[in-house]
Amino acid sequence: WCPPERNALKKIYDEAGGQDWIRDDGWVDEFNNHCTWYGIECNEENNVIKLALENSGLSGRISNAVASLTSLETLHLRDNNLKGSIPYDIGK
């Protein structure tokens with residue numbers, strides 16, 4: 001069984017050129033809890049509350065999958081090469 005948040009994070013990684021990120025420690029490693037991946041902070045229930053990937057070499061667009069992180073409180077993506085607008089459903 002794979003937690004839905006882990007699937008969302010994998011989609012974010014894939015759509016933002018994850019294989020080319022400067023820091024991607026632990027990302028998409030099937031044996032690591034997603035809460036241990038670089039730039040992720042979780043609450044006690046293992047829900048992502050912070051995604052901090054500033055200056056990490058992200059490119060492409062911000063995935064709509066970010067909206068699936070329903071406990072997300074903080075999103076830091078500055079100083080990357082992301083294009084387009086912030087997905088409408090973030091924060092709903």
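Select Ser 56 and show its side chain: a polar atom there lies 3.1 Å from the backbone oxygen of Leu 53.

The model is predicted: local features need pLDDT of at least 70, side-chain atom pairs count only at pLDDT 80 or more, and totals for chains, interfaces and linings use all residues. Residues are numbered from 1 along each chain as its sequence is written, and side-chain values use heavy atoms, with hydrogens and water left out.

Stay on Ser 56, which sits in the loop between E2 and E3. Helices (H or I, at least four residues) and strands (E, at least two) are DSSP runs, numbered from the N terminus. Ser 56 counts as buried because its relative accessibility is 1%; buried means under 20% relative accessible area, exposed over 50%, and partly exposed in between (1.4 Å probe, protein chains only). Not counting residues up to four places away in sequence, Ser 56 touches Trp 21, Ile 22, Arg 23, Tyr 38, Asp 79 and Asn 80, where contact means heavy atoms within 4.5 Å.

Next, select Asn 80, in the loop between strand E4 (74-76) and strand E5 (81-83). A polar atom of the Asn 80 side chain lies 2.9 Å from the backbone nitrogen of Gly 57, and one lies 3.3 Å from the backbone oxygen of Arg 78. Leaving aside neighbours within four places in sequence, the contacts of Asn 80 are Leu 53, Glu 54, Asn 55, Ser 56, Gly 57 and Leu 58.

H1 has 12 residues and runs 17 Å from its first C-alpha to its last, close to the expected 16 Å; the expected span is 1.5 Å times one less than the number of residues. Which residues of H1 are buried? They are Glu 5, Arg 6, Ala 8, Leu 9, Ile 12 and Tyr 13. These residues lie on the same side of H1 because they cover an arc of only 160° around the axis, the arc being that of the directions from the helix axis to the C-beta atoms. E1 and E2 are among what covers them. After H1 comes Gly 17, with a positive phi near 65°.

Centre on Trp 27: beyond neighbours within four places in sequence, it is in contact with Leu 9, Tyr 13, Trp 21, Trp 37, Tyr 38, Ile 40, Leu 51 and Leu 53.

Then pick Asn 32, in the loop between H1 and E1. Asn 32 is partly exposed, with a relative accessible area of 29%. Its contacts, not counting residues up to four places away in sequence, are Arg 6, Gly 26 and Trp 37.

Last, colour by pLDDT, the predictor's confidence in each residue, from 0 to 100. The mean for the protein is 91, and 97% of its residues reach 70 or more.

How values were computed. Polar contact = N/O pair within 3.5 Å; in protein donor to acceptor, adjacent residues only side chain to side chain.
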